[in-house]
Amino acid sequence: MNTDDDNIFGEDESTQLITTSGKQKEAEEYEKIIDSVGFGYFQWKLLFICGWALASDSTEVQVVSFVIPAACDLGMTSSEKGWLNGIIFVGMMIGGYVFGGAADIKGRRYVLLWSMTINGLFGLASSFAPTFGWFLLLRMLSGIGVGAAMPVLFSYFVEFMRKETRGRMITLFASFWMVGNIITSAIAWLLIPKVHIGGQLGSIYYGSWRIFVAVGSFPSLSSAVLFFFLPESPKFMMQNNQVERAKKAFIKIFKQNNGKHSSVPACILGIETPDGNEYNKKREISISDPDMCTFCQCLCESLKTLQKVLHSTYDLFCKPYTSISIILLFIWITLSFGYYGLWMWFPEIFKRIKEGRGGCGGATHHNMGANFTTFDNRTCVEKVEAETEIYFQSFLIALSNLPGNIICYLLIDRIGRRNLLAGTMVLSAVCVFFFWFVDTKIKMLIMSCFFSALSVCGWNALDPLALENYPTHLRSSAFGLQASVGRVAAILGNVVFGELVDLHCSIPLLLVAGMLALGGLSSLKLPKTEDTALT
């Protein structure tokens, strides 16, 4: 006879999923509560704290792309630069899947505190890396924190928003990725070319690019502190039988929005355990024993969490989510391959244009940087000092995200998420195709700005689609899995570019253009989510 534990991957649909009517009723009741707490101070505070955390993730992703043209003391080849650009995505892939699933079990805020701390500490440690190998390893570990935070941040943020404002607020929240890009670009522009600041520290010269990496870790560490001042997601708490904690959180939010002396609405005081908790109870796996040693309990708890994460992954490909999950995964792959495959290489491409090597094509210097193995080499110093213009150009590209965010904010609820995503991805593909004909730095800058604006609009449309198509108990797991698969695509994009950049750019550019176009068209198969309540 099968028990719940033995049959965890073989339950029938009636026990796997809450009935449609039950989920809809629960979603409508939650919407009433969210409406009753009001929209005000708390939501704006949430926007800036979560936004600052997202900006810090953006900073950590961007740091390496600005370091690559400057860290000639590491003596990197083009291939090694490709791996360095891609290694953070290896960490993000691991962190996104493991911690994204854990957030559906342990809680959003709990995972965010840990992920931002991991991100900041290893990012800071990487500034002291003595060799390329150590720098590569520490950036990967920092990437685990970045990948862990991103899917959880979006799930956490969206669960405090009512459906009328959800699309626009997610767009505003996602725009903080642009804020991180702008801040990082500005600091790189102002700091990295000043190669004579710093001093000798043991076997390394702790100069401008290392100071830049250290400064880049501050947003993550400060974000970890800020999350102590926010509550756990009430939606998560209600789904996990923590009704009293959810009530306290809602009351606190209501008081912040409406004043300390306002009367709390009855719908908040009368919150009851949702029917969906029966589903969660059936998923519990009792493998720990109170008499076990502490180590055994920790091991069993870890195995229990891992099994739940795997079960959530299994659920994502069961009806009614099968086709949705497959399409979203394909879109994440194509957009990540195209966007990160180009974005992370922009500073290096600008450097090559300045050196008269025709952008990304026709180069014969596969070992560029190999002649500059120590910071004291005068040629290395002069090259870095001369690259102020490259960082200014990267700053302008980051600034070009602003019109993309504005367009997305104005259109996301008018034309819908999927139409906006399809349109911007296809236009991005057209833009990438014309990169092939770029032969001057001015043309390159203009096309890069167009590509950046279109791409950020596509990302902002994809985020709500990836969140609104799943219920609470699968939301972070789904976003984490999709983001992790996207990281694999980002790694491939950077490695492919690194391997082919010294031959001719037409092959990777045509590949990127084709993938972006296919991804955009496939998004038209997704359901509309503009007017749906979160289940």
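Reader: Which residues in H6 meet residues in H7?

Author: First, a note on the source: this is a predicted model, where local features need pLDDT of at least 70, side-chain atom pairs count only at pLDDT 80 or more, and totals for chains, interfaces and linings use all residues. Residues are numbered from 1 along each chain as its sequence is written, and side-chain values use heavy atoms, with hydrogens and water left out. Contact means heavy atoms within 4.5 Å, and helices are DSSP runs (H or I, at least four residues) numbered from the N terminus. Here Leu153, Phe154, Phe157 and Val158 of H6 meet Arg166, Met169, Ile170, Phe173 and Ala174 of H7. By class, that makes eight nonpolar, no polar and one charged residues; Ala, Val, Leu, Ile, Met, Phe, Trp, Tyr, Cys and Pro count as nonpolar, Asp, Glu, Lys and Arg as charged, and the others, Gly among them, as polar.

Reader: Happy with that! How is serine 217 placed, buried or exposed?

Author: Buried means under 20% relative accessible area, exposed over 50%, and partly exposed in between (1.4 Å probe, protein chains only). Serine 217 has 2%, so it is buried. Its place is the loop between helix H9 (208–216) and helix H10 (218–226). Leaving aside neighbours within four places in sequence, serine 217 touches Glu60, Gly120, Gly123 and Leu124.

Reader: And which helix gives the most to the lining of the largest cavity?

Author: A cavity is a set of points, on a 1 Å grid over the protein atoms alone, where a 1.4 Å probe fits but cannot get out; lining residues have an atom within 4 Å of a point. In this case H22 gives the most, with four residues. The lining divides into 11 nonpolar, one polar and two charged residues.

Technical notes: Helices (H or I, at least four residues) and strands (E, at least two) are DSSP runs, numbered from the N terminus.
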